[in-house]
Amino acid sequence: TTLKALASSPSLAEGDLKAFYQQAMAAQEGGEDYFLLTNRAGKQLVNTRIPFGDPLPETSADNWEDVFETGKTQVSNLYQGAADQATAARGPAFNVSVPVEKRKKILYVLSASIAPERILDILKRETLRPGWVATVTDRAGVVIARSQDSEKFLGRTLPRDRATGPKQHAGLWQTADADGEPVLRATTYALQA
């Protein structure tokens with residue numbers, strides 16, 4: 001919601017990146033996300049982790065190309081950010097990226113760099129029945145958050161049959177857990193590409 005609101009900013013439509021940076025910084029104060037604005041060539045134009053006017057990386061490390069290609073919101077796989085990388089993250093993170101359009105033409109890609117703790121907080125608020133475990137993975141099956149022992153599993157790749165099911169689709173099926181115990185698994189996707 002924040003990304004979509006920022007993407008419709010009049011400052012962006014007018015090309016006033018300094019005013020947009022201030023808006024993005026104000027939006028950032030409400031959470032722990034950092035924002036990146038990338039042009040069609042992949043160059044970062046705004047990065048709220050870096051003061052406005054300071055040099056930015058020549059290329060963005062997020063999933064901006066997919067957004068320009070599809071015109072749709074994209075969620076990246078989990079990646080390990082560092083202070084010297086072209087990302088807005090320090091530590092594990094994933095990006096949610098949306099197109100910024102003017103007259104039905106994509107001008108930029110706006111991304112939020114999100115820490116796995118945001119997903120873990122959501123899982124902690126849910127009340128699961130005893131014995132149930134909820135796990136959120138990226139498209140590669142890498143664990144972003146888990147309702148039990150999240151720190152232990154963060155960044156681990158699940159075996160393919162546990163990440164997406166036997167036929168690589170969303171659904172419900174019977175299988176075995178890591179200890180060979182029978183379990184019922186269910187998967188779904190946040191976004192369909």
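Is L107 buried, exposed or partly exposed? L107 is partly exposed, with a relative accessible area of 27%; buried means under 20%, exposed means over 50%, and partly exposed is in between, using a 1.4 Å probe and protein chains only. Before we go on, keep in mind that this is a predicted model, where local features need pLDDT of at least 70 and side-chain atom pairs count only at pLDDT 80 or more, while totals for chains, interfaces and linings use all residues. Residues are numbered from 1 along each chain as its sequence is written, and side-chain values use heavy atoms, with hydrogens and water left out.

Let's stay with L107 for a moment. L107 sits in strand β6; helices (H or I, at least four residues) and strands (E, at least two) are DSSP runs, numbered from the N terminus. Setting aside neighbours within four places in sequence, L107 is in contact (heavy atoms within 4.5 Å) with N39, R40, F68, V100, E101 and K102. T38 is 69 residues away from L107 along the chain, yet their C-alpha atoms are separated by 8.9 Å.

Now step back to the whole protein. There are seven helices and 10 strands, and buried residues make up 37% of the 193 residues. Look at the contacts with a separation of 6 or more, and 42% of them are between residues 24 or more positions apart. The accessible surface, from the Shrake-Rupley method with a 1.4 Å probe, comes to about 11,500 Å², and 50% of that belongs to carbon and sulfur atoms.

What about the inside? A nonpolar core is a set of buried Ala, Val, Leu, Ile, Met, Phe, Trp, Tyr and Cys residues joined through side-chain atoms within 4.5 Å. The largest one here has 26 residues, and L3, L12, F20, F35, L37, V100 and L110 have the most contacts inside it. Two or more residues each come from α1 (2-7), α3 (17-29), β1 (34-39), β5 (91-102), β6 (105-114), α5 (116-125) and β8 (143-146). Apart from this core lies another, of five residues, with W64, V67, F68 and I106 among them.

Helix α5 has its own buried residues: P116, I119, L120 and L123. They cover an arc of only 100° around the axis, which puts them on the same side of α5; the arc is that of the directions from the helix axis to the C-beta atoms. Their cover includes β5, β6, β7 (135-137), β8 and α6 (150-153).

The structure holds one salt bridge, meaning a side-chain nitrogen of Lys or Arg within 4 Å of a carboxyl oxygen of Asp or Glu. R118 and D33 form it, with their closest N and O atoms 2.5 Å apart. R118 lies in helix α5 and D33 in the loop between α3 and β1, so the pair ties together parts that are 85 residues apart in sequence. R118 is partly exposed at 36% relative accessibility, whereas D33 is buried at 13%.

Finally, find Y79. Its side chain makes polar contacts (N or O atoms within 3.5 Å; within protein, one must be able to donate a hydrogen and the other to accept it, and residues adjacent in sequence count only if both atoms are side-chain atoms) with the side chain of S113 at 3.2 Å and with that of N95 at 2.8 Å. S113 is in strand β6 and is buried at 4% relative accessibility. N95 is in strand β5 and is buried at 1%.
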